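I opened this model to look up a few contacts and record them. The entries follow in the order I made them.

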Amino acid sequence: MISVSPASATTPHLRTCPINPNHWYVVARSPEVTTGPLGVTLWKQKIVLYRDTQGQVQALEDRCPHRQVQLSTGKVAGDHLECVYHGWQFDGQGHCVEVPYLAANQKLPQCKIKTYPVQEQDGFIWLFPGDQDATQVELMGVPEWDHLNYIATVSVIDCPGHFSFLIENLMDMYHGHLHDNYQAWASAKLENLTEEPGTVTALYEAQSYYKIDKIWSISQLFFPALRRLHPEPLTVTYQYPHWYSTLGQDFKIYCLFCPVNETRTRAYLIHFTSLNAFWRLHKLPIKFRKFVKDSLFGSAQKLLDGLVVQDVEMIEQEQAAYLKNPEQRNFELNRTVSAVQRLIRSQFDPS
C-alpha cells in the first residue's frame, strides 16, 4: 500500500506546489484571440493577448503602469494595445508609445510592462512564462491537429482544484467505472510504469468500447448500442506539464494545461479519432478529405464533455477535502499516481 508522503521542509505541499515556469503552456485556442484583447491567467500572472495588424499574437502583462488597471478591458489600436482608462497605448514589446494628452514639452513615460514569448501552433496559443531562453525549450505540440487522418474534438476543462488532482485523474485508469454511459474503456490493468526525467508513462491493458475499422464505425461515438468491448492497450503519458494518451490504434487524446492558481486549473482536452484504417479515403482529393475532417470536427463532443463533467465533480470534492484537512492522509494503490506526485515535486525550484 502506498501513502502520500508529506512535503519536505523546503518543498511546498503537493496540493499547493507551483508550476515550473520554464515550459510552454497553452493559454488559449487560436480562435479565442480575435479583434479584441483577451485576458488570461497562468499561475497567478494576469496576461493579455492580442493580434497585431500582421495577425501575430502578442502577450503582455495585463497591467497599465499608469493606474494599474487591466489592459484586457481596453482595445486593440493597430499594432498597439490601448488602455480603456486614459488611452495610453503599448506596443508588443511592452513600451508606452502613445499618450493622447501628452503636452508638447512632455516626453513619453519610460515605463515598460513585462512581455512573454508566445507561439501559435496546432490551433492553440502557447506561452512561456519563465526566465530561461524560450527558444531552447521544446514545445510539445499536437501534430494530429492539421493531419487529414484525424478528427478532432475539443473540450475546455475549468477545474476548481490544483493541477495535481487533474493529472492524477488522467493518469489513473482505474476510475473508468465512474463514467457510466460515457465510459470509453473498462477493466484496466497496469502492465508497465516508466519514469524518466520530466516524463511518466503508464501502460495499461484495457477493454475498449470503440473500434474504428469500417466507414460507419464513427457512428459509435453517437450511438452507444453499437459499441462492443474488445482488448486494447491504453498508454498514458505525463510529459510535464502536459498529458497525452493512446487507446489502441483508433484514438489519441491530449490535455494541455494552464494552471491558474493553487485551487483552479484550466486545461484543453483534445480527442482525436483516427481515420488511418481507411486507405481508400487517403486516395481522395485533398480538398474532399479536408471537408470530411472539418465536417466531423466535434463529433465526440457529447462523450468528451460528459467525461469532463464527471471528472471535475470528483476533483472538486478532492480539493474541498484537502482544504478542510490538509494533513488528511490518502491511501493509494496505483503506483502511477505516486510517480506523478514525484514528478510534480521534482519540477519545483525554490530559487
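Entry 1. I began with one glycine in the predicted model. Setting aside neighbours within four places in sequence, I found Gly 36 in contact with Leu 49 and Val 76. I then placed Gly 36 in the chain: it sits in the loop that runs between β2 (25-29) and β3 (38-42). Is Gly 36 buried, partly exposed or exposed? Its relative accessibility is 24%, so I noted Gly 36 as partly exposed, given that buried requires under 20%. I also checked a C-alpha distance from Gly 36: Ser 72 is 36 residues away along the chain, and the two C-alpha atoms are 8.3 Å apart.

Entry 2. Next I looked at aromatic rings. I counted twelve aromatic pairs. One of them is Phe 124 with Trp 145, an edge-to-face pair with 5.3 Å from centre to centre and 65 degrees between the planes. Phe 124 belongs to strand β11 (residues 124-127), while Trp 145 is in the loop between β11 and β12 (150-159), so this pair ties together parts that lie 21 residues apart in sequence. I looked up the accessibility of each partner. Phe 124 has 0% relative accessibility and therefore counts as buried. Trp 145 has 13% and therefore also counts as buried.

Entry 3. I stayed with Trp 145 and noted a pair with Phe 272. How are the planes of Trp 145 and Phe 272 set to each other? They stand at 85 degrees, with the ring centres 6.4 Å apart, so I recorded this pair as edge-to-face. Phe 272 is in strand β18 (residues 264-274) and Trp 145 in the loop between β11 and β12, so the pair links distant parts of the chain, 127 residues apart. Phe 272 is buried, as is Trp 145. I then listed the aromatic cluster that holds these rings: Phe 124, Trp 145, Tyr 150, Tyr 244, Tyr 254, Tyr 268, Phe 272 and Phe 297.

Entry 4. Last, I turned to a helix pair. Helix α1 (residues 163-171) packs with helix α3 (residues 301-324) at an angle of about 135 degrees, and their axes are 10 Å apart. I therefore put α1 and α3 down as oblique to each other. The crossing of α1 past α3 is right-handed. Which residues meet here? From α1 I listed Phe 165, Leu 166 and Asn 169, and from α3 Asp 311, Ile 315, Glu 318, Gln 319 and Tyr 322. Sorted by type, the residues of this contact are four nonpolar, two polar and two charged.

Key: Residues numbered from 1 in each chain as written. Predicted model: local features only at pLDDT ≥ 70, side-chain atom pairs only at ≥ 80, totals over all residues. Heavy atoms only, no water. Axes fitted to C-alpha atoms, helices over the stretch in contact; angles between N-to-C directions. Helix = DSSP H or I, 4+ residues; strand = E, 2+ residues; numbered from the N terminus. Parallel < 35°, antiparallel > 145°, perpendicular 65-115°, else oblique. Left-handed = near helix turned anticlockwise from the far one by under 90°. Contact = heavy atoms within 4.5 Å. Nonpolar A, V, L, I, M, F, W, Y, C, P; charged D, E, K, R; others polar. Phe/Tyr/Trp six-rings, centres within 6.5 Å; stacked < 30°, edge-to-face > 60°. Buried < 20%, exposed > 50% of the residue type's maximum accessible area, 1.4 Å probe, protein only.
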